[in-house]
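Here is a short tour of a structure for you to follow on screen. Have your viewer ready, and let us start with a working term.

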2 protein chains.
Amino acid sequence: MSKPSVPNRSATPATPRAEILIIGNEILSGKVADEHAAFLCREFRSLGVDVRHVAVLPDDVDAIAEAVRIAWDRADLIVTTGGVGPTHDDVTLAGIAKGLRRPLVRHPTLEGLVRDVYGVSGNPHVNRLADVPEGAELLVAEGMRVPVIAVDKLYVFPGVPEVFRRKFHAIKMRFRTEPFHVKVIYLRVGEELVAGLLFDVAREFPDLALGSYPAVDRPAYRTKITLESKDAAYLHSAFAYVMARLPAEAVVEVDREPTR
Amino acid sequence: MSKPSVPNRSATPATPRAEILIIGNEILSGKVADEHAAFLCREFRSLGVDVRHVAVLPDDVDAIAEAVRIAWDRADLIVTTGGVGPTHDDVTLAGIAKGLRRPLVRHPTLEGLVRDVYGVSGNPHVNRLADVPEGAELLVAEGMRVPVIAVDKLYVFPGVPEVFRRKFHAIKMRFRTEPFHVKVIYLRVGEELVAGLLFDVAREFPDLALGSYPAVDRPAYRTKITLESKDAAYLHSAFAYVMARLPAEAVVEVDREPTR
């Protein structure tokens, strides 16, 4: 096999880039272990979306505003979780409004829905739940009592796990694009021995997502190599390139994790 | 009890602010659920350190450089995990160097140690493990084969969980400051009914860390209130202020989670 003189490019159009903002002092102070980020990374991957950044932020208007501004400039899609209840530490929508330099305005439809859920009238802290950044839309779907608030490409979810997951599943199909294709190669040699080959692969296939992971305390293999692309033919070429250059005795298994 | 006209201030000096950078495509693509952030948030809390930001970043020099620059301006202490092996996707030290605008230089002591561990001489990919941002120090402690790399206030840890935790425990006492004190109040009413009181508490005790969390699917209570400070007397005053204003029948338990 001769080396291509010009690197191969994938024929697949650019993948949407998502960023995730997890909001809550209880996570940063170690009281609660966040599970939303791992859930969203798995879900977005299976939807064909590339998560490029996750941030965990305190319940602080300025910290949220700064993170929203930074993410807004980089991402096609932003999800926030947490900080949307009625108490003093629920400042996510105020932070988003400040970050986007939009006023917080009371949404009449949301005001009615919130009143239905809480069954309280005239409690100013409950009414505050209907304040959204100007221009926000409400996404309604099966199985939600209160809609998801969307501000352009930014989607606001609650922090309570059951409610968050139900709402995400209810609207997630709007995020779907072409799927990723993956090949995994398990090796019985340490990654330092294939480092040179992997540099070559990364150079020849610049659009490939190529990972190398040392295995610790696993007798069946020492290194796991992952190749990914949305372009199946491109992935196949890269996989063939790698397999042709690996010593046959180095490969334990392909695609199926060896257990022994 | 009369309301103080001037907000109470805590007598405790400022708490060190930490930021955590978790580096690895395998986390963002949902292949591996990160556990380092939760571990570090718990550990730092028990050391008296306030974690203010966690970011999960791709194996990308520019993304790491940008995150390092942003964190450097805000934090007293930065920890990175991941991206320090010998392959093409191990770019953490290059990202830190770029972020801090320092050259990567080969560290002679580290070069010798790396050679001892890998037992390979002349492999350029192994030698690359000895390249560090200029001015980096090596922290040596019991139980580590390879020292922790520190660049001023930034500490570089590997991503492999067993190795990462062993190294963190080996050097963590250098981060310790005065401990946080905590009071927890469990309520049988929804948080919307104490939202007004909590706004008052946050105003009267601005240095208090005050949290409110709705409980879902827990029959024994509906709301959990947390009060925290490094100043035990200040915490005591705030706790007394809250308890004096809560209807006695609203409180289920203090400090011990009710199970029924």
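## Ground rules

Contact means heavy atoms within 4.5 Å. This is a predicted model, in which local features need pLDDT of at least 70 and side-chain atom pairs count only at pLDDT 80 or more, while totals for chains, interfaces and linings use all residues. Residues are numbered from 1 along each chain as its sequence is written, chains are lettered from A and ligands numbered from 1 in the order in which they are written, and side-chain values use heavy atoms, with hydrogens and water left out.

## A buried threonine

A:Thr80 touches A:Leu21, A:Ile23, A:Thr92, A:Ile96, A:Leu154, A:Tyr155, A:Val156 and A:Phe157, leaving out residues up to four places away in sequence. A:Thr80 is found in strand S3 (residues 77–81) of chain A; strands here are DSSP runs of E, at least two residues long, and helices are runs of H or I of at least four, numbered from the N terminus. With a relative accessible area of 0%, A:Thr80 is buried (under 20%; exposed is over 50% and partly exposed in between, with a 1.4 Å probe and protein chains only).

## Nonpolar cores

Which residues touch the most other members of the largest nonpolar core? They are A:Phe44 and B:Phe44, in a core of 54 residues. Such a core is a set of buried Ala, Val, Leu, Ile, Met, Phe, Trp, Tyr and Cys residues joined through side-chain atoms within 4.5 Å. Apart from it lies another core, of 26 residues, including A:Ala55 and A:Leu57.

## How the copies relate

Chain A can be laid on chain B by a turn of 180 degrees and a shift of 0.0 Å along the axis, with an RMSD of 0.0 Å (least squares on the C-alpha atoms of residues with pLDDT of at least 70 in both). That is the relation of a two-fold axis. Of the residues of chain A, A:Ala55 comes closest to the rotation axis, at 2.2 Å (C-alpha). Because 100% of the interface residues of chain A are also interface residues in chain B, the copies meet through the same surface.

## Helix against helix

The axes of H3(A) and helix H3 (residues 61–74) of chain B come within 14 Å and cross at roughly 165 degrees; axes are lines fitted to C-alpha atoms, for helices over the stretch in contact, and angles run from 0 to 180 degrees between N-to-C directions. That makes H3(A) roughly antiparallel to H3(B) (over 145 degrees). The contact is made by A:Glu66, A:Ile70 and A:Arg74 of H3(A) with B:Glu66, B:Ile70 and B:Arg74 of H3(B).

Notes
Angles under 35 degrees count as roughly parallel, over 145 as roughly antiparallel, 65 to 115 as roughly perpendicular and the rest as oblique.
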